[in-house]
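Below are some notes for a colleague who has the coordinates open. The points are numbered and may be read in any order.

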Amino acid sequence: MSLVENILQSVSELPPFPVVIQRALQLIDDPRSSAQDVVDVIQYDQSITLDVLRLCNSAYFGLGRTVDSLREALVMIGFNQLLEIILSRESVKLYGRACKGYDLDEGDLWRHSVACALLSRIIAKRLNRDASPAHFTAALLHDMGKMVLSKFVEDYFEEIRSFTQKGSLSFVEAEREVLGIDHAELGGRITELWRFPCSIVSPVRYHHAPFSTQENQDVVQLIYLCDTVALMTGIGGGADGLSYHAHGEVMKQYNLREKDIERFIILLEDRFQLVDEILNRR
Amino acid sequence: MKIIVGIADMQVADNPGASLITYSLGSCIGITIYDPVAKIAGLLHYMLPDSQIDRQKAQENPSMFADTGIPLLFREAYELGAEKRRMQVKVAGGAQILDESGFFNIGKRNYMALRKIFWANNVLIHAEDVGGNVNRTLSVELPSGKVSVKTSGDGIREL
């Protein structure tokens with residue numbers, strides 16, 4: 001079996017995709033769904049319900065009154081926020097393990113992914129766009145490939161690093177050179193396997209090469225930018241470090257400046273409290 | 001006792017068994033200070049060079065920015081009894097993505113901000129490990145003042 005075949009086969013070792021996320025995502029795609037449907041999906045799962053209520057009553061939301069039912073939570077924080085809490089919380093299960101190849105401890109990759117997802121909201125707002133749960137999801141899943149590729153990166157780390165240290169290749173290019181496939185492409189395959197729509201598969205697959213596809217250009221570029229800013233903060237960062245290419249054209253296209261990146265980082269630092277609130281109970 | 005310094009955070013310590021540590025310095029910069037006579041150490045992890053961009057944020061959390069965090073770090077160490085003339089200052093972080101466009105060079109600007117502040121206040125940097133495109137973990141131990149840098153995917157070395 002070739003190395004690439006071997007890597008592709010180990011996709012089956014991933015934890016099962018959380019059912020609640022799956023159902024929540026179906027609701028997002030269905031224009032007939034209502035907020036009440038989301039409540040219906042989660043109200044029978046007591047641990048999620050308790051977490052949602054706890055978060056709504058935390059300092060993070062600062063609602064100034066006690067929320068004690070899901071319906072009330074929905075009214076107070078809104079459909080999108082509620083979905084994002086659920087997605088962030090449930091995705092812990094996907095990213096639970098440590099990734100030795102990338103020198104990431106348990107929870108690090110989840111932190112990076114949530115940072116990226118929160119940035120999708122922050123940047124969309126700056127661009128005067130509606131926050132999209134699909135973007136949030138794509139951001140949350142963009143590094144899934146690392147979960148699978150990690151053990152192969154570990155085995156071939158010195159070779160990969162010799163390519164990045166020469167300064168000529170980024171980490172993702174070096175992965176492709178040495179292993180025959182990189183974590184972005186692998187993430188694309190995984191999300192395809194999980195039957196995600198193209199609007200999620202494309203940004204996962206092209207999050208380091210935003211101009212390599214014509215499909216879903218807008219979300220691809222957005223997720224690229226979110227990931228770049230998240231990488232810069234170092235939150236949940238690993239052995240690949242910041243060894244990725246910049247695509248300044250994305251900034252020009254969005255008419256953003258250097259200072260905007262700084263503002264994104266300030267806003268992220270505020271919102272990142274959410275992560276601590278989620279983890280506090282674990 | 002291990003004291004974790006978060007992102008955009010600062011801590012000082014004077015108890016002999018304490019060690020201050022900060023994780024995941026990407027473009028951010030970590031500064032350790034140590035007074036070998038008073039046996040006092042401090043560690044700052046700041047994210048951005050200049051508080052002008054958001055004064056309100058700087059008031060809420062001065063450790064977010066170089067220009068508000070660095071003076072605070074020194075002030076808090078002085079309060080514990082440290083003295084400027086004895087202070088050993090070490091710096092790590094300020095990494096960059098592979099950028100020719102100049103849009104994403106916060107790492108470099110974070111480092112320049114620090115140099116400017118230290119130059120204006122006659123502070124010397126005793127050792128540093130900055131730039132490149134790696135994530136770093138920085139720590140300082142008491143009572144020895146030993147400073148270590150771990151580069152992600154690589155080993156730990158003394159700074």
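1. What distance separates the centres of domain 1 of chain A and domain 2 of chain A, taken over C-alpha atoms? The answer is 25 Å, and, as with everything in this note, that value should be read as coming from a predicted model. The domains in question divide chain A into residues 17-91, which form domain 1, and residues 97-282, which form domain 2.

2. The two domains of chain A do touch, with 15 residues of domain 1 in contact with 17 residues of domain 2. On the side of domain 1 that touches domain 2, the elements that give two or more residues are α2 (19-29), α4 (46-56) and α6 (79-91) of chain A. The largest share of that side comes from α6(A), which contributes seven residues. Sorted by class, the side of domain 1 that touches domain 2 of chain A holds seven nonpolar, four polar and four charged residues.

3. As for handedness, the crossing of α3(A) and α5(A) is right-handed.

4. Which residues bring α3(A) and α5(A) together? From α3(A) they are A:Ala35, A:Val39 and A:Ile42, and these meet A:Leu70, A:Arg71 and A:Leu74 of α5(A). By class, the residues of this contact between α3(A) and α5(A) divide into five nonpolar, no polar and one charged.

5. Taken as a whole, chain A has 17 helices and zero strands. Its radius of gyration is 19 Å, close to the 19 Å that the globule rule gives for 282 residues, so chain A is as compact as a globular protein of that length. Along the principal axes, the C-alpha atoms of chain A fill a box of roughly 55 × 45 × 35 Å.

6. Turning to the contact between the chains, 28 residues are taken from chain B and 28 residues from chain A. The side of chain B that touches chain A is made up, by class, of 15 nonpolar, nine polar and four charged residues.

How values were computed: Residues numbered from 1 in each chain as written. Chains lettered and ligands numbered in written order. Predicted model: local features only at pLDDT ≥ 70, side-chain atom pairs only at ≥ 80, totals over all residues. Contact = placed C-beta atoms within 7 Å. Nonpolar A, V, L, I, M, F, W, Y, C, P; charged D, E, K, R; others polar. Domains from an automatic or database assignment. Helix = DSSP H or I, 4+ residues; strand = E, 2+ residues; numbered from the N terminus. Left-handed = near helix turned anticlockwise from the far one by under 90°. Rg over C-alpha atoms; globule rule 2.2 N^0.38 Å.
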